[in-house]
Amino acid sequence: MYPTSFDYYRPTSVAEAIELLRQHEDARVLAGGHSLLPAMKLRATTPAVLVDIGRIPGLAGIRTTATGLRIGALTTHAAIAASDAVKATCPILAEAAAQIGDVQVRNRGTIGGSLAYADPAADLPTVMVALNATLIATGPNGEREIPAREFFVDLFTTALRPDELLTAIEVPALGAGSGSAYVKHRHPASSYAVVGVAAIVTLRDGRCADVSLAVGGATANPVIATAAQQALIGQAPSAEAIAAAAERVTEAITNPLSDTYASGEYRRHLATALARRALTAAVGRAG
Ligand code: FAD
């Protein structure tokens with residue numbers, strides 16, 4: 001199907017893009033187009049105006065900061081997966097980006113587009129929630145910081161205001177003694193995550209001093225598996241302790257998504273199995 005007709009603007013600065021969003025109530029930002037354009041072709045969304053941010057200088061790129069990395073919203077999944085800085089500072093992000101779609105999707109799709117779209121089956125939102133990254137939104141009144149754990153509000157809904165652009169993402173460096181892993185059960189047709197789990201474990205004196213465990217795909221937005229985290233903190237990371245913690249992941253999945261591919265019960269089962277795998281891999285990489 002063809003999209004309905006729309007006006008097209010290609011601003012050359014963030015300020016110009018924001019002004020266009022402010023002027024046109026029914027405008028949508030266009031980044032890599034790999035989620036928006038398919039939705040427009042299906043007429044699931046019919047914006048009257050597209051604001052193409054793809055040529056705005058300075059919105060793509062990865063920079064090392066005092067606390068981690070600052071990643072421009074237009075940075076592609078392929079650039080993140082290939083980045084030595086990401087692999088060294090925050091390897092779980094490179095690991096997840098490398099599992100997105102196929103080569104074409106990774107070369108066109110952007111981190112900003114993935115987060116702003118808030119597709120429950122996307123990979124990067126889960127990793128951002130596990131990392132508790134900071135998302136930088138820029139609007140008419142300048143920049144504001146939104147913690148990843150407050151950014152995803154509902155299915156395809158974020159805390160971004162209509163006249164704001166997501167301009168950058170700040171991710172913390174993983175500290176000494178930390179290991180991380182992202183594992184997913186991929187949909188066989190699209191590669192999207194039916195369920196994806198991000199685990200970060202910090203070991204100190206042979207015990208789990210800190211654990212961050214996020215589950216995506218099972219619910220409208222990624223959730224932190226608090227009970228599972230608490231079950232592991234303070235424990236030696238034995239296979240039994242990890243399995244016992246993973247069993248408690250379902251306590252965070254109270255209202256699971258369900259569709260023709262995977263029922264809610266199956267998603268809860270996947271979350272438990274994938275949490276065990278992710279925690280085991282993260283512990284193996286820690287230290
Ligand atoms: P666009 O499609 O351009 O935009 C998406 C939405 O975000 C739009 O609503 C747009 O207005 C908004 N937006 C974009 N950038 C900004 C910004 N900077 N500020 C504010 N709003 C913005 N994703 C996965 O996570 N895992 C997968 O396995 C996967 N498989 C895929 C397979 C296929 C065949 C396809 C087509 C896509 C797949 N994707 C997958 C999605 C892919 O990662 C998309 O590229 C991504 O979700 C959206 O990024 P984009 O740059 O293409 O954004």
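## Two helices crossing

Helix 11 and helix 12 sit oblique to each other, a label for angles that are not under 35 degrees (roughly parallel), over 145 (roughly antiparallel) or 65 to 115 (roughly perpendicular). That's because they pack at an angle of about 140°, with their axes 8 Å apart. Helix 11 covers residues 239-247 and helix 12 covers residues 264-285; helices here are DSSP runs of H or I, at least four residues, and strands are E runs of at least two, numbered from the N terminus. The crossing is right-handed.

This is a predicted model, where local features need pLDDT of at least 70 and side-chain atom pairs count only at pLDDT 80 or more, while totals for chains, interfaces and linings use all residues. Residues are numbered from 1 along each chain, and side-chain values use heavy atoms, without hydrogens or water.

## Around the ligand

There are 31 residues around the ligand, each with a heavy atom within 4 Å of it. Arg28, Val29, Leu36, Thr110 and Asp123 come nearest. Helix 7 gives the most to this shell, with 5 residues. Helix 7 (111-117), strand 2 (27-30) and strand 10 (165-172) each supply at least two. By class, the shell has 15 nonpolar, 13 polar and 3 charged residues, with Gly counted as polar.

## Polar contacts and burial

Now for the polar contacts (N or O pairs within 3.5 Å). Lys184 has a polar side-chain atom 3.3 Å from a ligand oxygen. Gly101 uses a backbone N or O atom, 3.0 Å from an oxygen of the ligand, and a polar backbone atom of Ser114 is 3.5 Å from a ligand oxygen. On its own the ligand exposes 970 Å², and the protein buries 91% of that (Shrake-Rupley areas, 1.4 Å probe).

Methods: A polar contact is a pair of N or O atoms within 3.5 Å; within protein, one must be able to donate a hydrogen and the other to accept it, and residues adjacent in sequence count only if both atoms are side-chain atoms. Axes are lines fitted to C-alpha atoms, for helices over the stretch in contact, and angles run from 0 to 180 degrees between N-to-C directions. A crossing is left-handed if the near helix is turned anticlockwise from the far one by less than a right angle, and right-handed if clockwise.
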